[in-house]
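Visitor: I am new to this structure. Please show me how to read it.

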Amino acid sequence: MSHREGRAVDLALDGWSENQRKTFCKVFNDKYKKEAAVSSKTKRSLLCVYGDPQHLQHIHIQVHKRYTMGGIVEIASNK
C-alpha cells in the first residue's frame, strides 16, 4: 500500500556489499527518525528496512503517513 500512496520506494542493491547496505540503512535511520514510517511489527520508526525475509534483495525506504504524495503536492503548491 505504501508504494501506491507515493511514500515508499525500493532501492536495488546490485553491486553493494553487505557492509554498504547496513551502513546506508543505519545512517538514514539515525538521521531521519522524524520522517520515518512506524513499523507495524516493531512499532519503531525506521526509514530504511533491509535484511528481513521480505527485503533481502533491496532496501525498502518508507516515510511516515503524514508524507503521502497528496500531502507533498499540497505543501509544494502552497509555496
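Guide: Start with burial. Buried means under 20% relative accessible area, exposed over 50%, partly exposed in between (1.4 Å probe, protein chains only). Cys-25 is buried, with a relative accessible area of 7%. This is a predicted model, where local features need pLDDT of at least 70, side-chain atom pairs count only at pLDDT 80 or more, and totals for chains, interfaces and linings use all residues. Residues are numbered from 1 along each chain as its sequence is written, and side-chain values use heavy atoms, without hydrogens and water.

Visitor: How far is the sulfur of Cys-25 from the closest cysteine sulfur?

Guide: A disulfide is a covalent bond between the sulfur atoms of two cysteines. Here the cut-off is a pair of cysteine sulfur atoms within 2.5 Å. The sulfur of Cys-25 is 4.6 Å from that of Cys-48, too far for a bond. Cys-48 is buried as well, at 3% relative accessibility. The disulfide count is zero.

Visitor: Which residues make up the largest nonpolar core?

Guide: In soluble globular proteins, nonpolar side chains tend to be buried together. A nonpolar core joins buried Ala, Val, Leu, Ile, Met, Phe, Trp, Tyr and Cys residues through side-chain atoms within 4.5 Å. The largest one has nine residues: Leu-13, Phe-24, Cys-25, Ala-36, Leu-47, Cys-48, Tyr-50, Ile-59 and Ile-61.

Visitor: How are the rings of Phe-24 and Phe-28 arranged?

Guide: A pair of aromatic rings is described by the distance of the centres and the angle of the planes. Rings of Phe, Tyr and Trp (its six-membered ring) pair if their centres lie within 6.5 Å; planes under 30 degrees apart are stacked, over 60 edge-to-face, the rest tilted. The centres of Phe-24 and Phe-28 are 4.4 Å apart and the planes are at 20 degrees, so this pair is stacked. Phe-24 is buried at 19%, while Phe-28 is partly exposed at 30%.
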